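The questions below go through one chain step by step, and each answer works towards the name or value asked for.

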Amino acid sequence: MRSVRLRAALPALAGAALLTGTLLSTPAQAAGGVKIHHVWFDSPGSDNRSNKSLNGEWVQLKNTSGKAVSLKGWVLKDASNHKYVFPDVKIGAGKYLKIHTGSGTNTASDRYQGRRAYVWNNDRDTATLTKAGGGKVASCSWTTRDPSDKYC
């Protein structure tokens with residue numbers, strides 16, 4: 001009688017395993033990590049290429065893990081392949097890091113690319129974050145349907 005109950009329970013267990021796989025797609029997603037959290041692609045005001053306006057466009061990363069992550073050699077790029085390569089910088093556990101287009105003083109929460117032209121297109125673009133070896137970590141896309149920023 002016991003083997004009949006076990007055989008009857010197996011389909012339900014298989015279904016539960018399948019559902020769990022759907023919810024937690026991969027162990028990396030279940031464990032957390034660095035993701036693109038928010039992109040402000042259309043800086044406020046007129047696009048006059050002032051440093052203030054350039055720094056008004058940024059990409060914000062979030063570390064969802066419980067430990068600091070080194071971003072050394074990681075790359076943030078747009079669809080046209082404008083690249084920002086991270087120097088030896090870490091993002092703390094549960095912390096945010098904004099990468100601004102223009103110039104400024106780097107801090108634990110803000111990095112600056114030092115560019116004199118805009119990177120992120122207002123009509124459509126994709127921000128992609130890859131590890132130093134080229135493995136894709138995250139991406140975020142937008143179109144004109146998004147007002148001036150996008151939560152990813």
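**A predicted chain in questions**

Asn-63 has its place in strand 2, where strands (E, at least two residues) and helices (H or I, at least four residues) are DSSP runs numbered from the N terminus. This is a predicted model, in which local features need pLDDT of at least 70 and side-chain atom pairs count only at pLDDT 80 or more, while totals for chains, interfaces and linings use all residues. Residues are numbered from 1 along each chain as its sequence is written, and side-chain values use heavy atoms, with hydrogens and water left out.

Q: Is Asn-63 buried or exposed, and at what relative accessibility?
A: Buried means under 20% relative accessible area, exposed over 50%, and partly exposed in between, with a 1.4 Å probe and protein chains only. Among the residues in contact with Asn-63, leaving aside neighbours within four places in sequence, are Gly-33, Val-34, Ile-91 and Lys-95, contact being heavy atoms within 4.5 Å. Asn-63 counts as buried because its relative accessibility is 0%.

Q: Which residue's side chain is joined to that of Asn-63 by a polar contact?
A: A polar contact is a pair of N or O atoms within 3.5 Å; within protein, one must be able to donate a hydrogen and the other to accept it, and residues adjacent in sequence count only if both atoms are side-chain atoms. The contact from the side chain of Asn-63 spans 2.7 Å, and its partner is Ser-65.

Q: How many of the six residues of strand 2 are buried?
A: Strand 2 covers residues 58–63 and is mostly covered. For the chain as a whole, with its 152 residues, the buried share is 34%. In strand 2 the number of buried residues is five.

Q: Which residue in strand 7 stands opposite Trp-58?
A: Two strands pair if DSSP finds at least two bridges between them. Strand 2 pairs in the antiparallel sense with strand 1 (residues 34–40) over six bridges, and Trp-58 is there the bridge partner of Trp-40. Strand 2 also pairs in the antiparallel sense with strand 7 (residues 96–100), over five bridges, and the residue opposite Trp-58 in strand 7 is His-100.

Q: Which strands stand at the edges of the open sheet?
A: The sheet is formed by five strands in the order 8-7-2-1-11, with mixed pairing. Each edge strand has a single partner strand, so one side of each is left without a neighbour in the sheet; these are strand 8 (110–112) and strand 11 (149–151).

Q: What is the bridge partner of Lys-98 in strand 8?
A: Strands pair through backbone hydrogen bonds, either parallel or antiparallel. Strand 7 and strand 8 run parallel and are joined by three bridges. In strand 8, the partner of Lys-98 is Asp-110.

Q: Why does Arg-124 count as exposed?
A: Arg-124 lies in strand 9 (residues 124–130) and touches Trp-142 and Thr-143, not counting residues up to four places away in sequence. Arg-124 counts as exposed because its relative accessibility is 55%.

Q: What is the phi of Asn-81?
A: Most residues other than glycine have a negative phi. Asn-81 is found in the loop between strand 4 (75–77) and strand 5 (83–85), and counts as partly exposed, with a relative accessible area of 41%. Although Asn-81 is not a glycine, its phi is positive, at about 70°.
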